[in-house]
Amino acid sequence: MKRFTELYWRLDATSRTGEKVDALREYFAATPADDAACALAVLCGARQLRAVTTGQLRAWAAEATGLAPWLVEECYAHVGDLAETLALILPDHPGAGADGIGLAALMRSSVHELRSADEARKKEVVLGTWRRLAPRERIVWHKFLTGGCRVGVSRTLVARALAELAGVEPAVMAHRLVGDPITDGAAFQRLLTPTPGPADDRRPYPFFLAAALDRTVAAEVAADLGPPTDWQAEWKWDGMRAQVVRRGADLAIWSRGEEPVHDVFPDIVRAAAGLPAGTVLDGELLAVRDHRLLGFAALSKRSGRRRVTKAVLADIPCTFVAYDVLEANGVDLRDRPLGDRRGILERLVPDCFAGFLQGRFGQGNADRIYRSPLVAGTSWEALADHRAEARSRGVEGLMLKRLASSYGVGRTRGDWWKWKIEPLEIDAVLLYAQAGHGRRAGLHSDYTLGVWHEGRLVTIAKAYSGLSDAEIVEVDRIVRATTLEKHGPVRICRPTLVFQLAFEGVAHSTRHKSGVAVRFPRIVRWRKDKEPATAGQLADLCRMIAATESGEHR
């Protein structure tokens, strides 16, 4: 644990890429393999599950220190980071940090095994771990415990450091880091082998990600990107990015989050079985029914399951729409220009998804993989007209890809762009406010917003971004002056503030009290010119849903 703590603070102390790579390489070179495997999962952003609640930690800290619970809460509000707050208020213990416990052993005994323990056992382990760790180690461990440990490095930097250690190319290491997780020391040692292994056959390639256009007016796009003949335009589908990997007898489907999802999409596995061995396709998983797109909300009901029943398969049929080929006949094509890869894709996947949407292939979508159609346009103005149709089609806008581009790694600006449709908007009223963390500690910067329904305000979204620092300070002052009730860190406010809320989409939802859910909400501006009584209505959102669903996403 001591070595990882030193790495954590060393990475936190620098913004220089070279220094971060050096720190990572030196850590992995000196650390036992089991600890290195555990650290690798954290550094690469693997999903972390919470072992105890933050409320339990605050209550046990109050008991251990003899402080009143309200005082612990005030300390937390002032510091803004719970892990740091607890490390500051807990007493030091003689010999803390001296036992040299490794990261893997500590994670196993005080995090992983705690998830299934009862509250008494959790408390016993937490109090014991506080006594054995030094303050700087406690901060890092608290983040593990609550599932919130984020380290300031990218997967690309981790791959560079490991590649230097293993003596392989960074691209090879980046490929190895995608796919099956490194769960123990043996797997970590295999990761560093200079020769390919059987696991390499199952791995997808690192995903190439597009960046959002800085300017979205057609004339501005023309000035930024040059002639449209240099670009390939496609629809930006509202689905789940994935790669279909068909090598040898193995067939796997990987999400962009690098999780295997073939068990959840057996229909796509059957469809992909007809692909030649040595094929890797990049594309989108989409929920479809009766030749219509069902949208991401429907897809998430299926993708979030551990297994799917026959009823789910029938209710939410899915297909895979390929828009790139990364490997054919066992040959890595990523360095080839997109225009060349597109020609290979058209030969591999002859059926175009536009034909399915038009009903030419019948409803049996489970026995086919489709090719994403291109969007034709001889001018940026013509492509802008297509973009304006996106919402009625059930897509999110256009993708623009340079025809001469290779398939890169990560979010590299310049060759792939997202030209998304303008967001939906509604004026909403601030109902609750909560203090932020980090540099916003002590300021109420997390907002719950609502709209009117039958004479009362109902919550529709939480928003954490969109205001300037000066505006946050001003809102904080108003929140404190208009507080009606306090429930821990949350303040219920008298409705006085109206904000213009933007979001990517809206859908009916049984999980939300208002009956609707908005997607990716953020504040656009503070409507100081509006009174709460003039804010939006729940009926406005329902009309947006109806408008989106009219025509049922042809």
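User: What is the basis of the values and the numbering?

Analyst: This is a predicted model, in which local features need pLDDT of at least 70 and side-chain atom pairs count only at pLDDT 80 or more, whereas totals for chains, interfaces and linings use all residues. Residues are numbered from 1 along each chain as its sequence is written, and side-chain values use heavy atoms, with hydrogens and water left out.

User: Why is the contact between E26 and R10 called a salt bridge?

Analyst: A salt bridge requires a side-chain nitrogen of Lys or Arg within 4 Å of a carboxyl oxygen of Asp or Glu. The N to O value for E26 and R10 is 2.8 Å, so the pair is a salt bridge by this rule. E26 lies in helix α2 (residues 17-30) and R10 in helix α1 (residues 2-12), so the pair ties together parts that are 16 residues apart in sequence. Helices here are DSSP runs of H or I with at least four residues, and strands are runs of E with at least two, numbered from the N terminus.

User: Why is K143 called buried, and what is D81 called?

Analyst: Buried means under 20% relative accessible area, exposed over 50%, and partly exposed in between, with a 1.4 Å probe and protein chains only. K143 has 13% and is therefore buried; D81, at 23%, counts as partly exposed. The side chains of K143 and D81 meet in a salt bridge of 3.1 Å, N to O.

User: How is the pair R522 and E504 classified?

Analyst: R522 and E504 form a salt bridge, their closest N and O atoms being 2.7 Å apart. R522 is partly exposed at 26% relative accessible area, while E504 is buried at 16%.

User: What makes β11 and β3 paired strands?

Analyst: Two strands pair if DSSP finds at least two bridges between them. Five bridges join β3 (residues 231-235) to β11, and the two run antiparallel; the pair therefore meets the criterion. Within this pairing, A233 has L400 in β11 as its bridge partner.

User: Why does one side of β2 and of β3 lack a neighbour in the sheet?

Analyst: The open sheet has four strands in the order β2-β13-β11-β3, with mixed pairing. β2 (211-212) and β3 stand at the edges with a single partner strand each, so one side of each is left without a neighbour in the sheet. Two bridges join β2 to β13, in parallel, whereas five bridges join β11 to β13 (residues 416-420), in antiparallel.
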